[in-house]
Amino acid sequence: MDGSMSIMGRDILSVDDVEVVYPNGTRALNKTTCQFMDGEVTVLLGPSGAGKTTTLRAIAGMVRPEEGRVELGGRVVYDSAAGISVPVHGRQVGYLTQQY
């Protein structure tokens, strides 16, 4: 393997039952689940407030979910049940905001 997250025949990113609730009580994600496969192009599409940015922030580790699991390249980077939460710098994920 060349160090990339590409794993033939498997998910390169898996988000399972992720819930994010902001401090003001706003439920931003409710049991969100999605898989991204090697070789696919994926688009997160939805109206303002649908949770697109929150989903990306949860994957990158910039927001901590209340529940759920995130796996990158076969490596669990967040699992609420197991108490796993890899910090942002340990996830090897690039993130570019809309206001770059």
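**Exercise 1.** Decide whether E19 counts as buried or exposed in this predicted model.

*Solution.* Begin with the cut-off, under which a residue is buried when its relative accessible area is under 20%. The relative accessibility of E19 is 9%, so E19 counts as buried.

**Exercise 2.** Find which residue meets the side chain of E19 in a salt bridge, and work out which parts of the chain the pair ties together.

*Solution.* The partner of E19 is K31, with a distance of 3.8 Å from N to O. To place the two residues, note that E19 lies in strand β1 (residues 11-21) while K31 belongs to strand β2 (residues 27-37), so the pair ties together parts that are 12 residues apart in sequence.

**Exercise 3.** Determine what salt bridge E67 forms with K31 and where E67 lies.

*Solution.* First, the closest N and O atoms of E67 and K31 are 3.4 Å apart. Finally, E67 counts as partly exposed, its relative accessibility being 36%. Salt bridges with shared partners join E67, K31, E19 and R27 into one network.

**Exercise 4.** Identify the salt-bridge partner of R69, and state how many salt bridges are counted.

*Solution.* The side chain of R69 meets that of E71 at 3.1 Å, N to O, and R69 itself is partly exposed, with a relative accessible area of 29%. The count comes to 5 salt bridges.

Conventions: Residues numbered from 1 in each chain as written. Predicted model: local features only at pLDDT ≥ 70, side-chain atom pairs only at ≥ 80, totals over all residues. Heavy atoms only, no water. Salt bridge = Lys/Arg side-chain N within 4 Å of Asp/Glu carboxyl O. Helix = DSSP H or I, 4+ residues; strand = E, 2+ residues; numbered from the N terminus. Buried < 20%, exposed > 50% of the residue type's maximum accessible area, 1.4 Å probe, protein only.
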